[in-house]
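Hi there,

Here is the structure I promised to pass on to you. Have a look at it first, and then read my notes below.

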Amino acid sequence: RRPRRVWNGATATMRTWRRTNSVRVPTTVAARKHKGRKRAAERIETQKSNVHDRNVAPTRDGRNRRIQGWTTKPKARGSKPEEFQEIEGQEEPWKSRENVGKQRTKAAKPALEHAPNLSVEVGTAESLPVDMPNQIKPMRGPSSPLYVKQKRKWEAETDWLLMGVQNEAIEDRVFDALVEKHKLEQRCRPLVSYLYQLGFRDAEFAKLIDARVEVLSLTVATAKSRVLYLSSLGIQPQDLVKIIAKHPRVLEYRTERTMKPRVEYLREIHVEEQDLAKVITRAPVLLELSVNKTLRPRAQYLAQEIGIPDDAIGKLVTKHPAVLTYNSDTMVAPRVRFFLDLGVSKEGLAKMVTRHPQLLHYSIDSMKPRLDYLQAIGMSEEEIITTVSRLGTLFSLSIESSLRPKFEYLTAELGGDVQTVAKFPAYFSLSLDKRIRPRHQFLLSRKGLAGSKMPMKYLSLTDKDFVGLVDSTLKEYEEFKNEMIVRDFAVKFSTCTFPSKV
């Protein structure tokens, strides 16, 4: 039978086993020693050939494993790194621990030199303590706990150096109050100071800490790069504070790999450039959803299943950005079936969703009582379908505080009926106290329409067109409406009952 090779963890070597009458017997000692010497020689040659490459780390078994943290790559195998080509009088200087530290210092300086929005020049990095990175001892890889600890220490000290050149910094008393109230650590002070300069105060810090306190361990350079990219999209500073407080994970998103592809897709579905800031401000979670697995399939569902044109999806997203956060299978599809089963055509459904995208979010159990109320006031099935198709906001109105009082005022004061509402469904969307009653009372005082049916055109016009139709002025109508609102408020306040003091 073919020999079987197994790993010997004790000696970190491979042992060859052969089978004899179903009993495992190791090979001879001489054969194992010969194989071990051969592997050791190969391992030494491999280490000699790869000692110049900072991306490759030799291991005990001779295999080379790539380290992500080292990025120095020589031009050819066996040549010295460029940093040490001019050094003379030293034998293999790139192996020394001191030069490794200097090399890492050179790798760290460009990030500080090109740090955004700093009032320092490119050469100012020379003022940094050169021996600081030398505290990071060469290790086998960035996964080592000591390496990670020392790296975080260097990043924290670097953040303090960056914050030192800023015009403002958080005061000790302010930071101490945040530490005492929210149980923060001292290592969070660099980012807390930067967010404080950005406009964060106690309320915003409370929201951020409740949502994701881990964000405060990020470096200032990382957070600043995300803020700069969002600012380049046109997002205002006050909106940035709201975005970060509401959705702190936005500071953890990578600019090139995470945020930019999502923004490019929004442009692809015809979201206007000036509307990108509005969309991201209202739904920052879009910056973390996968383009191919989430955003594109949901946009395709809106176009194929509902019938929204491709060029109208951008306007739909601009009007209600959260529409791309709705799950197509569990949230959108049941509501689409509900309206289609009700009798709404696919073309009518597309218009409904385009005018009022929140329809895809309303609970089906909350929409049924509105339909039952329309049926209770005497609407036929066709009239209900027409009303729903023309007035998608109907499902956001309360029955007791909106639909019922408006219909009662229509039948008792305006001389209307169910047919009036069926022909003019927008009547339910108008304010009873700020539009319907003031205009009706103003017409009564000017034209004396008491006892007659009020035309609905007086309610659909703007204030300017309305006063022109009744031969009045806008100032006169505003004064009349304000007096009426104050009078109604006084009547309601006088009828309120307050609990007596005990």
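**What I found**

Among contacts in the chain (heavy atoms within 4.5 Å) between residues at least 6 apart in sequence, 61% join residues at least 24 apart. Please keep in mind that this is a predicted model, in which local features need pLDDT of at least 70 and side-chain atom pairs count only at pLDDT 80 or more, while totals for chains, interfaces and linings use all residues. Residues are numbered from 1 along each chain as its sequence is written, and side-chain values use heavy atoms, with hydrogens and water left out.

The secondary structure comes to 22 helices and five strands; these are DSSP runs numbered from the N terminus, with H or I over at least four residues for helices and E over at least two for strands. Of the 502 residues in the chain, 40% are buried. Here buried means under 20% relative accessible area, exposed means over 50%, and partly exposed is in between, with a 1.4 Å probe and protein chains only.

Now for the core. The largest nonpolar core has 111 residues, and L195, I306, F339, Y427 and F428 have the most contacts inside it. Helix α11 gives the most to this core, with six residues. A nonpolar core is a set of buried Ala, Val, Leu, Ile, Met, Phe, Trp, Tyr and Cys residues joined through side-chain atoms within 4.5 Å. Leaving aside its neighbours within four places in sequence, L195 touches F200, F205, L208, L216 and L251.

L208 turns up again where two helices meet. The axes of α6 (residues 202-212) and α8 (residues 237-246) come within 7 Å and cross at roughly 35°. Axes are lines fitted to C-alpha atoms, for helices over the stretch in contact, and angles run from 0 to 180 degrees between N-to-C directions. E204, K207 and L208 in α6 meet V241, I244 and A245 in α8. This contact has four nonpolar, no polar and two charged residues. In this count, Ala, Val, Leu, Ile, Met, Phe, Trp, Tyr, Cys and Pro are nonpolar, Asp, Glu, Lys and Arg are charged, and the others, Gly among them, are polar.

Helix α8 also holds D239. Is D239 buried or partly exposed? D239 counts as partly exposed because its relative accessibility is 21%. D239 and T281 are 42 residues apart in sequence, yet 6.6 Å apart in space from C-alpha to C-alpha.

Next, how do α7 (residues 220-232) and α9 (residues 255-268) pack? Their axes are 12 Å apart, at an angle of about 15°, so α7 and α9 are roughly parallel to each other. Roughly parallel stands for angles under 35 degrees, roughly antiparallel for over 145, roughly perpendicular for 65 to 115, and oblique for the rest. S225, R226, Y229 and L230 of α7 make the contact with T255, M259, K260 and V263 of α9.

Two more places to look at:

- The buried residues of helix α14 (residues 346-355) are G348, L349, A350, M352 and V353. They pack against α11 (291-306), α12 (310-319), α13 (328-342) and α16 (381-390).
- T420 sits in helix α18 (residues 418-423) and is buried, with a relative accessible area of 9%. Leaving aside its neighbours within four places in sequence, T420 is in contact with L410, K453 and M456.

Enjoy exploring!
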